[in-house]
Amino acid sequence: MHAWTAPDLPDLPDGGALVHLRDTTAGALAPTRPAGEPATLYVCGITPYDATHLGHANTYVAFDLLVRAWRDAGRDVRYVQNVTDVDDPLLERAAETGEDWRRLAESQTELFRSDMTALRVLPPDHYVGAVEAIPLVVEAVERMLAEGQAYRVPLPEGAGGDDPGLGDVYADVTADQLFGTGAHLEPARMLEVFAENGGDPDRAGKRHALDPLLWRRTREGEPDWDGGSLGRGRPGWHIECACIAHRHLGPLVEVQGGGRDLVFPHHEMSESHLRAITGQPAPVLLHAHGGMVAYRGEKMSKSLGNLVLVSELVAGGADPMAVRLVLLSHHYRDDWEYTDSDLVAAGERLGRWRAAMSASAGPDASRLLAAVRAALADDLDAPAALGAVDAWVDVALAGGDGVDGAPDLARRTVDALLGVAV
Ligand code: 5CA
Ligand code: ZN
């Protein structure tokens, strides 16, 4: 499917530094690869059954900073994002409201595109829907079955359409020696989190309670597709991301990203599937996860309904760049709670930046550029970058240093590196 229109990316002098990210698996800061190596990034996209809320936006703006810092450092970035345009929560929401599931997915994906455009998020190079990826999934699951990494589970009564003999297909987690080494959870905790996040530990006929679904055969009232030797059905969630990442990024995903709610089971499972597909023990170099955004005391989530939508803030008159500044004022890995006063403060900050950067002369901005680059290279420390810009703006508004063109360099710095157009 198509992504969205790319915002302009102004040129900056020289180039940025090597970016370090905190790797969730290692629990430590780790260098990304140097210029010369292709930069491959996979970020888990939305399940389009409700519009973009600030939690989603926080995740995509965080990885947008990574893309910007990498490009500034001269890396050749290949960025892939998926859309989970068929899955249980989407089908359940469509069934509840009586809306056609395809129309729901299309309309919410379109709203996401317009939100990302408003927030000046650079689009992925490949934006791929789960439905589009079905042939890849079928091929991978057929191979996993043939190689003994997956197995069939008999269907409940009435499932399977015309061909109930073929079962659903599950991955065998015990076939992967490295399963569990991503999230480092105790077995009991793995079971709990699995059950809370789309897993089915109690499904009769599975070999292991944690085995994840790869292919779900036809069910009454659910869409299904040709599954070749698997029989008609639809893809599981984790295999979708593994297949899309492998197809578009090749054997090594340098960074796999998403919100922290995806550490387990989603990223544990999808990396395990990637090991099965590639035969490589470490198909993901770094796992990076954003914190959770809350509202009114709880994690912002579609299922709880405590959403602050980007589109509603903008429709209510908020400047999208102020919304972006709200997000950037928190470190991407921190958990935080949105309040309306955050937006007011961000609007005031934006006003000060605009005033300072519209002048023709101001304080030398080359040190500002270096400070913003250094902040981003250090685990995408946007709050530190905003602090450096604020310091420059304070001096500028106080009438300091009349260097011709300095405000223009400051403007290009915040646009290219922070995605804030002033
Ligand atoms: N389609 C899957 C990933 S393959 C999915 O998780 N979709 S989602 O719509 O539920 O979430 C999209 C992205 O937003 C994920 O990276 C998720 O981790 C992140 N996210 C969801 N809720 C929040 C929140 N409250 N705060 C921060 N990030 C969030
Ligand atoms: Zn995913």
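Modeller: Let us begin with the metal site and then turn to the cavities. This is a predicted model, in which local features need pLDDT of at least 70, side-chain atom pairs count only at pLDDT 80 or more, and totals for chains, interfaces and linings use all residues. Residues are numbered from 1 along each chain as its sequence is written, chains are lettered from A and ligands numbered from 1 in the order in which they are written, and side-chain values use heavy atoms, with hydrogens and water left out.

Find the zinc ion (ligand 2): its protein donors are Cys-44 (SG), Cys-241 (SG) and His-266 (NE2), at 2.0 to 2.3 Å from it. A donor here is an N, O or S atom within 2.8 Å of the metal (3.2 Å for Na, K and Ca), and sites may look incomplete because water is not among the atoms. The four donor atoms around the zinc ion subtend angles of 102 to 120°, which makes the arrangement tetrahedral; for four donors, that word asks for all angles between 85 and 135 degrees. Along the sequence, the spacing of the donor residues is C-x196-C-x24-H. Cys-44 sits in the loop between β3 (39–43) and α1 (54–72) and His-266 in helix α7 (residues 263–278), so this pair ties together parts that are 222 residues apart in sequence. Those helices (H or I, at least four residues) and strands (E, at least two) are DSSP runs, numbered from the N terminus. Both Cys-44 and His-266 are buried, meaning under 20% relative accessible area with a 1.4 Å probe, protein chains only.

The structure holds four cavities of 30 Å³ or more; a cavity is a set of points on a 1 Å grid over the protein atoms alone where a 1.4 Å probe fits but cannot get out, and lining residues have an atom within 4 Å of a point. The largest cavity has a volume of about 60 Å³, and its lining includes His-267, Glu-268 and Glu-271. Helix α7, which also holds His-266, gives the most to this lining, with four residues. The lining divides into two nonpolar, six polar and two charged residues.

The second largest cavity has about 50 Å³ of space. Among its lining residues are Asn-58, Val-61, Ala-62 and Leu-65, and α1 gives the most, with four residues. Here the division is eight nonpolar, three polar and no charged.

Key. Tetrahedral: all angles 85-135°; square planar, octahedral: opposite > 155°, others 65-115°. Buried < 20%, exposed > 50% of the residue type's maximum accessible area, 1.4 Å probe, protein only. 1 Å grid on protein atoms, 1.4 Å probe; cavity = no way out; pocket = protein on both sides within 12 Å on 5 of 7 lines; lining within 4 Å. Points joined across faces, edges and corners; volume = space filled by probe spheres on them. Nonpolar A, V, L, I, M, F, W, Y, C, P; charged D, E, K, R; others polar.
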